[in-house]
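Colleague: I am new to this one. Could you walk me through how to read it?

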Amino acid sequence: MKRIYIYLLATFICGIASAQPDKWFKKSAKAVFTLKTFDESGALIGSSNGYFVTADGVAVSSYTPFRGASKAVVIDANNKEYPVKSIIGADDVYDIAKFRVEASKCQTLREASSTPENTQVWLLPFNAKSAYSCNSAKITAVQKVANDNDYYTLEGTVVENTVGCPYLNAAGEVVGLLQPSSGDDKNTQYAVGASFATSLKMTAFGMNDAAMKATNIKKELPDELDQAITTLYLSSTLGNATTFVEIVDDFIAKFPQAPDGYSYKAQIMAAKDDYAEADKMMLKAIELAENKAEARYNYARMMYQNLVYFPDKASQAWTCDKALDQINQAVAADPQLLYMTQKAEILFISKRYDDSYNTYREVIDKFGKTPEAFYGAARCKEMLNDSTSFVALLDSAVATFSQPYLKEAAPYLFARAQALAGTGKYRQAVNDYNEYEKLMPAQVTGQFYYIRAQAEIQGRLFQQAINDFDRAIAKNPDVFLFHSEKASLLIRVHLLNEAIEEANECIRLSPDASDGYLFLGLAQCLKNDKAHGVVNLLKAKDLGDPQADDLIEKYGK
């Protein structure tokens with residue numbers, strides 16, 4: 001009798017366990033959907049299952065179908081189709097994704113807490129017709145993975161096409177999502193914990209995550225403002241204009257009271273030559289900004305950059321005076337280095353060189369001696385035709401660096417070299433060019449060697465000039481100018497055989513140019529081969545060389 005009682009009790013308990021899905025099946029089944037993804041051409045590339053997490057359309061499913069996808073839809077239990085709007089988070093190692101669909105009033109499932117071994121659970125398939133469709137399984141192992149999330153091993157069988165479907169406990173709470181099978185053992189299943197899936201979220205650097213980059217579906221911005229601002233900045237540096245525009249629009253929609261989105265939108269509109277709209281966006285950014293000075297500086301800088309690089313288009317909406325008004329207000333509120341330097345730059349492009357110089361001097365007096373400030377002041381003196389002050393200020397810029405120079409000094413050495421050459425101090429210019437070459441050996445070009453050769457010629461450093469022409473030609477062997485200038489110099493120093501070789505190279509490179517024939521003819525005449533020389537001088541004359549007549553007159557007798 002006792003054995004019969006125990007048997008009946010066990011049967012009764014098993015009956016309760018096997019009947020558990022009846023309690024939650026009808027309502028829970030409405031939360032499960034099937035996911036389909038498509039490539040850019042509209043071809044189906046993947047499918048899975050999942051369930052809704054929130055009533056406003058946040059859902060979880062497998063990640064794999066999203067790889068390479070440009071579009072995705074979910075089909076709910078009522079056979080209604082909803083497009084996937086954005087990806088919120090993804091993990092390609094554990095094959096889970098969290099995303100948002102364009103839906104509202106979705107049926108959702110509750111999430112279970114960590115579930116121990118030997119717990120009985122049921123797999124709820126998509127479009128299940130009854131509770132008997134739920135395959136029962138038992139948790140045989142629980143592992144902690146990825147930030148202390150659960151990963152389950154289960155004993156039980158499943159039907160086909162149920163990857164991504166949820167395992168529910170007796171209370172109808174989601175324990176985990178079914179993972180793809182990984183072997184021939186049809187009785188062993190795996191599930192990633194529900195809390196792992198629902199905890200996925202976008203971070204500031206999420207756009208660069210490998211899983212996110214592998215899908216073309218739009219990514220959702222982080223919920224935290226500071227993270228979203230970082231995402232904005234990073235997106236602006238990636239070079240994908242279409243994606244950047246979408247992210248900026250999403251940022252404005254999500255954080256309408258943050259000025260950053262309007263500032264970036266203004267940049268986009270300015271790039272489209274819609275300066276009137278850019279103006280509206282920047283004024284909105286200033287209105288919302290807590291730091292008005294910074295917002296006005298950003299506006300002034302935007303106007304400045306567009307007036308410098310796109311003056312014809314930008315000047316239709318913006319003027320230097322308008323930019324100056326904004327930067328003056330920024331400086332009045334916060335006279336910091338960045339703002340005052342921007343003011344000096346705007347004054348410079350306004351051709352108010354004395355005012356620009358005075359502002360640079362104020363920057364130097366208030367914030368110390370920097371090469372940038374001295375260089376800016378030097379440019380003002382250059383435009384005022386004060387060559388003495390121009391060179392002196394470049395001396396001051398270079399003097400801010402100690403020897404041996406670092407690479408940061410290179411642009412100022414180059415600028416001073418050009419200024420010294422322009423004032424007839426050729427050998428000093430060559431010294432600066434030499435220092436520049438030491439600092440920037442990988443960046444020097446054939447044009448650099450050509451420029452230094454010109455200073456060397458003026459400084460009567462002829463052999464150095466010939467060597468520089470050789471270096472220029474080695475970097476750019478087909479540049480006619482380099483060969484022509486070298487041929488001229490070789491004649492000047494009476495290296496006539498070399499001059500003839502170089503002149504022939506000029507003719508090879510550009511047979512319709514007169515220089516090659518002029519230098520060849522002149523070199524031949526200087527070698528007393530006047531018969532051939534005059535013929536080539538006549539050819540140079542035929543090609544329009546103005547110097548040929550005098551040479552023919554001199555050597556043709």
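Modeller: We will take confidence and then some backbone features in turn.

Colleague: What is the mean pLDDT of the protein?

Modeller: This is a predicted model, and pLDDT is the predictor's confidence in each residue. The mean here is 92. Of the residues, 96% reach 70 or more.

Colleague: Where does pLDDT stay under 50?

Modeller: Over residues 1–19. For that stretch the model has two contacts beyond four places in sequence.

Colleague: Now the backbone. Which residues does a cis peptide bond join?

Modeller: Look at omega. For the bond between Gln-403 and Pro-404, omega is about 0 degrees. That peptide bond is cis. Pro-404 sits in a loop, with helix H15 (387–399) on one side and helix H16 (410–422) on the other.

Colleague: What is phi of Asp-95?

Modeller: Phi is near 55 degrees. The value is positive, and the residue is not glycine. Asp-95 belongs to the loop between strand E5 (81–91) and strand E6 (96–101).

Colleague: Is Asp-95 buried or exposed?

Modeller: Buried means under 20% relative accessible area. Asp-95 has 8% relative accessibility, so it counts as buried.

Colleague: And what is phi of Asn-528?

Modeller: Near 70 degrees. Again the value is positive in a residue other than glycine. Asn-528 is placed in the loop that links helix H22 (514–526) and helix H23 (530–542).

Colleague: Why is Asn-528 called exposed?

Modeller: Exposed means over 50%. Asn-528 is called exposed because its relative accessible area is 65%.

Note on methods: Residues numbered from 1 in each chain as written. Predicted model: local features only at pLDDT ≥ 70, side-chain atom pairs only at ≥ 80, totals over all residues. Heavy atoms only, no water. Helix = DSSP H or I, 4+ residues; strand = E, 2+ residues; numbered from the N terminus. Buried < 20%, exposed > 50% of the residue type's maximum accessible area, 1.4 Å probe, protein only. pLDDT = per-residue confidence, 0-100. Contact = heavy atoms within 4.5 Å.
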